[in-house]
Amino acid sequence: MNLNIRSAGTGDIPDIKSILAQYILETELVEDNIDQFVVAETGGRIVGCACLDSNPGLVELRSIAMLPGWKNKGIGRRLFETLMQRARGMTDRIFVRTTARGFFEKMGFEALDGSQKPVLWQDCAECDKLDVCMQVPMVLELR
Ligand SMILES: CC(C)(COP(=O)(O)OP(=O)(O)OC[C@H]1O[C@@H](n2cnc3c(N)ncnc32)[C@H](O)[C@@H]1OP(=O)(O)O)[C@@H](O)C(=O)NCCC(=O)NCCS
C-alpha cells in the first residue's frame, strides 16, 4: 500500500467531514481547525484523518478516524506518529477523549478518572450529556 501522510488543506474538508460523520464524530470544527489536521491518502483517496488541537493550556488529539474498510492497517498509528512529531516541543502531554480506549492504550495513553472531564474541558462542564457520555479521558506524557 502506497500511503501518503500529509497536512490537510481546505480541499480536503468534504472528505474529512464524510469520514468523521460515519462515526458521528464532530464535524462543525473542521473548517476552523483544518490547519491542524493531517490526512492519509492512497490512490488519490483520503482514507483517514486526525487533528492535533493545540489550544493554549491543553493539547488534544481529536477526530482520528479511518474510512470503514481501512481500519486495522496501521494507518491510525501512522497518523498518530505524525501528530506526535508536531506535538514535541509544543507540550509535555497530550489529552484525548475517546471511545476507542484500546487503540490509545496501544499508543501509550493512560486513562484518567471520568471526573476529570469537566475539570479539564469547559465544554464537558457545560454539557448536559456528561452523565451518560461514554468518552474516556486519557493522557500521554511525552518524555
Ligand atoms: C480508532 C482508529 C482511529 C484506529 O485506527 P486504525 O488505523 O484502525 O489503527 P491501527 O491499525 O493503526 O492500529 C494500531 C494498533 O492499535 C490496535 N487497535 C486499533 N483499534 C483498536 C481498538 N478499537 N481497540 C483496541 N486496539 C485497537 C491495533 O490492533 C494495532 O495493534 P498492534 O500495533 O498491536 O497491531 C480506527 O479504528 C477508527 O477509525 N475508529 C472509528 C473512529 C473512532 O472511534 N475514532 C476515535 C476518535 S477519538
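The chain splits into domain 1 (1-91) and domain 2 (92-143), with bounds from an automatic or database domain assignment. This is a predicted model: local features need pLDDT of at least 70, side-chain atom pairs count only at pLDDT 80 or more, and totals for chains, interfaces and linings use all residues. Residue numbers run from 1 along each chain as its sequence is written.

**Domain interface**
- The centres of domain 1 and domain 2, taken over C-alpha atoms, are 18 Å apart.
- Nine residues of domain 1 are in contact with nine of domain 2 (contact: C-beta atoms, placed from the backbone, within 7 Å).
- On the domain 1 side, strand S4 (58-66) and helix H2 (75-87) each give two or more residues (helices, H or I, at least four residues, and strands, E, at least two, are DSSP runs numbered from the N terminus).
- S4 supplies the largest share of that side, four residues.

**Nonpolar core**
- The largest nonpolar core has 31 residues (a set of buried Ala, Val, Leu, Ile, Met, Phe, Trp, Tyr and Cys residues joined through C-beta atoms within 7 Å; buried means 20 or more other C-beta atoms within 10 Å of the residue's own, with C-beta atoms placed from the backbone).
- Ile16, Phe37, Val39, Cys49, Ala50 and Leu79 have the most contacts inside this core.
- Strand S3 (45-55) is among the elements that each supply at least two core residues, and S3 gives the most, with six.
- Both domain 1 and domain 2 contribute at least three residues each to this core.

**Around Ala50**
- Neighbours within four places in sequence aside, Ala50 is in contact with Phe37, Val38, Leu61, Ser63, Ile64, Leu79, Phe80 and Leu83.

Terms used
Contact = placed C-beta atoms within 7 Å. Buried ≥ 20, exposed ≤ 12 C-beta atoms within 10 Å, placed from the backbone.
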